[in-house]
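Here are my notes on this model, as numbered points. Please read them with the coordinates open.

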Amino acid sequence: MKNLKYYFIQAQKEKWSIGQFNFSDLTQVKGIVAVAEKLKSPVILGTSEGESKWFGLEEAVAIRNVLRKKTGLPIFLNLDHGKTFDYVKQAIDAGYDMVHFDGSKLPLLENIEKTKEVIKYAKWRGVLVEGEVGKIGTESSKIYTEKFEINETDLTNPSDAEIFIKDTKSDLLAIGIGNFHGTQATGENPNLKIDVLKRIREVVKNTGLVLHGGSGTPEESVRQAIENGIIKININTELRIAFTEGLKNRLVDGEIVPYKYLPAAQAEVEKVVERKIVLFKSAFKA
Ligand code: 13P
């Protein structure tokens, strides 16, 4: 199996994106991997700190290993929004393929220093690191009934991104270009600021750019983002909604057998993953 770096290089060259699909339950993982297998797509399974504390870091690694072996697919595991060196280290030691260190709330220089500490530990263990500059607001699974306003000062400043990458040499960089975690109640978020993405792309040429908050992003915005250098897109809220709705709809008749009601939740997760993999153009890239 080729490593994750290979797929990021291919994605950059051929202008497609790898989906990172977050999970906290085995049924979600089964749904994600079933679609990846059908569409022969590489995938990244993502766990936030909260998701991995519930599921278990070692358990997530074990499941990735089993599914890789069973399907022969390039299935990778990322720690999403790691906040402290200690927790990121635990994920690396458990066997994650990559870690996202989110120091975006820190002043730039402190963010750089903390990210470098993570990279130093990750690098010689063969683990890729995603850094973050700019504030990607809000939380996954929030559904906003009022129009969500993006604060211009939260967008990634291209010169901050340039300084960050020159100093840290992070493999990937998560940026704020009008994206946010969660979705608006309409199901469709505001368009991304592609002009900001282009300015960032110009100054951080060889670094893979990552789009967080993929749920609800208008499809045309996603296409343009991929065209302009986004090579990894994170999806969580839409998967959580799909899983929960699938489950609720199936539980109305009093079914109590998990293996009879969970497939309904899995089927809804699969619909989301299939739409995204097609949109991200990662099908048949495994
Ligand atoms: P959404 O919940 O908006 O899909 O964002 C997921 C994400 O970016 C995880 O890091």
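1. Start with the pair α10 and α11. This is a predicted model, and in it α10 passes α11 in a right-handed crossing. α10 covers residues 237-251 and α11 covers residues 258-280. Their axes lie 8 Å apart, at an angle of about 150°. That angle is over 145 degrees, so α10 runs roughly antiparallel to α11.

2. Which residues make the contact between α10 and α11? From α10 come Glu238, Leu239, Ala242, Phe243, Gly246, Leu247, Arg250 and Leu251. The α11 side includes Lys260, Tyr261, Leu262, Ala264, Ala265 and Glu268. Val269, Val272, Val273, Arg275 and Lys276 also take part from α11. By class, this contact holds twelve nonpolar, one polar and six charged residues.

3. Next, the ligand. There are 14 residues around the ligand. Which of them come nearest? They are Asp80, Ser140, Gly213, Ser215 and Thr237.

4. A polar side-chain atom of Thr237 sits 2.5 Å from a ligand oxygen. Thr237 also falls within the residue range of α10, 237-251. Gly213 uses its backbone: a polar atom there is 2.7 Å from an oxygen atom of the ligand. For His81, a side-chain N or O atom lies 3.2 Å from a ligand oxygen.

5. Now α4 (residues 57-71) and α5 (residues 85-94). Their axes come within 9 Å and cross at roughly 35°. The crossing of α4 past α5 is right-handed. Leu57, Glu58 and Val61 of α4 meet Tyr87, Gln90, Ala91 and Ala94 of α5. Sorted by class, the α4 and α5 contact has five nonpolar residues, one polar and one charged.

6. Last, α6 (residues 108-123) and α7 (residues 158-168). How far apart are their axes, and at what angle do the helices pack? The axes are 10 Å apart and the angle is about 30°. Here too the crossing is right-handed, with α6 passing α7.

7. The α6 side of that contact is made by Leu108, Asn111, Ile112, Thr115, Lys116 and Ile119. These residues meet Asp160, Ile163, Phe164, Asp167 and Thr168 in α7. The contact of α6 with α7 divides into five nonpolar, three polar and three charged residues.

Terms used
Residues numbered from 1 in each chain as written. Predicted model: local features only at pLDDT ≥ 70, side-chain atom pairs only at ≥ 80, totals over all residues. Heavy atoms only, no water. Axes fitted to C-alpha atoms, helices over the stretch in contact; angles between N-to-C directions. Helix = DSSP H or I, 4+ residues; strand = E, 2+ residues; numbered from the N terminus. Parallel < 35°, antiparallel > 145°, perpendicular 65-115°, else oblique. Left-handed = near helix turned anticlockwise from the far one by under 90°. Contact = heavy atoms within 4.5 Å. Nonpolar A, V, L, I, M, F, W, Y, C, P; charged D, E, K, R; others polar. Near = heavy atom within 4 Å. Polar contact = N/O pair within 3.5 Å; in protein donor to acceptor, adjacent residues only side chain to side chain.
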